[in-house]
Amino acid sequence: TLSDLKTDSLKERHWKSILQKLNVHVSFSELTIGMLWDNGLLDKKKDVAEVLSVAQGEMAIEIFLNQVRDKWMKEELDLVLYQNRVRLIRGWDDLFNALDDHTGGLVLMRSSPYYRAVREFQEDGNLWEDRLTKLRAAFDAWIDVQRRWVYLEGIFFGSADIKAQLPAEWSRFKSVDGEFVSLMRRISSRPYAMEALNIENLQRTLERLQNLM
């Protein structure tokens, strides 16, 4: 039992619970092994095992939340130079798979009693679920805007005749092009996934560009 108590999963809140069950009334910092023995640690093995089980369950939640945070705070977008004009995002499948895996994990986590027992987990879980949901919606629109832009850029800027043949359409695409290239240059200057959430009105901008193309 003593070796079981050496685990990193036991936090101060778990020790408080163990001490309560053993009827030990000292602070965690003053606790000694002798106090645990003297207060019947071996007789309360089952109670202590229950606290250990909770601690391990909570540790698994904590590890997952840390993985989500570490992944998305550092996630760099894969950019590739297009026509020597602008960098475009590639590697969409990996991006969407990672977003869906982590969002799904966060949703699933909500049903865990270990998650519901710790307010900090709920705050972190809600924060990251909200961020990743917004990021997924933005990238859903972004991939579509980028595909349309690549297609139309080849048509409108690929031939000098198009401007004369379709002046109104050319003018409209020129405006869209300016806005899209500006957006891509902004994200290229700080190419991190989370940086997208700092772009004001990003979702509205992308949806408007979708409608214009």
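I began with the aromatic rings and counted eight aromatic pairs in the structure, where rings of Phe, Tyr and Trp (its six-membered ring) pair if their centres lie within 6.5 Å, and planes under 30 degrees apart count as stacked, over 60 as edge-to-face and the rest as tilted. I noted that this is a predicted model, in which local features need pLDDT of at least 70, side-chain atom pairs count only at pLDDT 80 or more, and totals for chains, interfaces and linings use all residues. Residues are numbered from 1 along each chain as its sequence is written, and side-chain values use heavy atoms, with hydrogens and water left out.

I looked up Trp92 and Phe139, whose ring centres are 5.8 Å apart with the planes at 75°, so this pair is edge-to-face. Trp92 lies in helix α4 (residues 92-109) and Phe139 in helix α6 (residues 119-156), so that the pair links parts of the chain 47 residues apart; helices here are DSSP runs (H or I, at least four residues), numbered from the N terminus. Trp92 is buried at 9% relative accessible area and Phe139 at 0%, buried meaning under 20% (1.4 Å probe, protein chains only).

I then turned to Trp149 and Phe180, a tilted pair with 4.9 Å centre to centre and 35° between the planes. This pair joins helix α6, which holds Trp149, to helix α8 (residues 167-189), which holds Phe180, across 31 residues. Trp149 is buried at 0% relative accessibility, and Phe180 is buried with a relative accessible area of 0%.

I also recorded that Trp92, Phe96, Phe139 and Trp142 form one aromatic cluster.

Definitions and conventions: Helix = DSSP H or I, 4+ residues; strand = E, 2+ residues; numbered from the N terminus. Buried < 20%, exposed > 50% of the residue type's maximum accessible area, 1.4 Å probe, protein only.
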